[in-house]
Amino acid sequence: PAPSFLLGGFERILTIIIHIALSLLVLEGIKRKKTLLYMFFAFLAHALLDFFGAYMAFQGVNTLLIELIVVGFALVGLWYIITAKKRFSIIEQTEEI
């Protein structure tokens, strides 16, 4: 049905936001010279999202509820992306000193 295709497209947009946020997290780790720690956090966030999605689907949870969890992760990721500019400018200022 058509709503399933729309939901799939919406989910792709959400996952793009999440992946951009996780990439920025790794980049921030590189800038702060704590690459492994930040990579671990990015890996953990990605694993948690995958685990909850797969586990809930296996348990027969409604797809819309699972998508709401993805929306929650995407909103956190969007907040992280929006606030990243300020954090990166602070990092650059401390490197100049």
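Tutor: Start with the largest nonpolar core, which has 14 residues in this predicted model. Ile 18, Leu 24, Leu 25, Val 70 and Tyr 80 are the ones with the most contacts inside this core. The elements that give it two or more residues are H1, H2 and helix H3, which covers 63-96. H1 supplies the largest share, six residues. As background, nonpolar side chains in soluble globular proteins tend to be buried together.

Now zoom in on Ile 18. Skip its neighbours within four places in sequence, and Ile 18 is in contact with Leu 49, Val 70, Phe 73 and Ala 74.

Ile 18 also turns up where H1 meets H2, so let's go there next. Two packed helices are described by the angle between their axes and the distance between the axes. Here H1 (residues 2-31) and H2 (residues 35-58) pack at about 160 degrees, and their axes are 7 Å apart. Anything over 145 degrees counts as roughly antiparallel, and therefore H1 is roughly antiparallel to H2. The crossing of H1 past H2 is right-handed. On the H1 side, the contact is made by Ile 18, His 19, Leu 22, Leu 25, Val 26, Glu 28, Gly 29 and Ile 30. H2 answers with Thr 35, Tyr 38, Met 39, Phe 41, Ala 42, Ala 45, His 46 and Leu 49. Sorted by type, the residues of this contact come out as eleven nonpolar, four polar and one charged.

What is around it? With neighbours within four places in sequence left aside, Glu 28 is in contact with Tyr 38, Tyr 80, Arg 87, Phe 88 and Ile 91.

Then there's the loop between H1 and H2, where you'll find Lys 33. Lys 33 is exposed, with a relative accessible area of 69%. Its phi is near 60 degrees, a positive value in a residue other than glycine. For context, most residues other than glycine have a negative phi.

Last stop: Leu 36, placed in helix H2. Leu 36 has a relative accessible area of 73%, which makes it exposed. Its C-alpha atom is separated by 36 Å from that of Gly 60, 24 residues apart along the chain.

Terms used: Residues numbered from 1 in each chain as written. Predicted model: local features only at pLDDT ≥ 70, side-chain atom pairs only at ≥ 80, totals over all residues. Heavy atoms only, no water. Axes fitted to C-alpha atoms, helices over the stretch in contact; angles between N-to-C directions. Helix = DSSP H or I, 4+ residues; strand = E, 2+ residues; numbered from the N terminus. Parallel < 35°, antiparallel > 145°, perpendicular 65-115°, else oblique. Left-handed = near helix turned anticlockwise from the far one by under 90°. Contact = heavy atoms within 4.5 Å. Nonpolar A, V, L, I, M, F, W, Y, C, P; charged D, E, K, R; others polar. Core = buried A, V, L, I, M, F, W, Y, C linked by side-chain atoms within 4.5 Å. Buried < 20%, exposed > 50% of the residue type's maximum accessible area, 1.4 Å probe, protein only.
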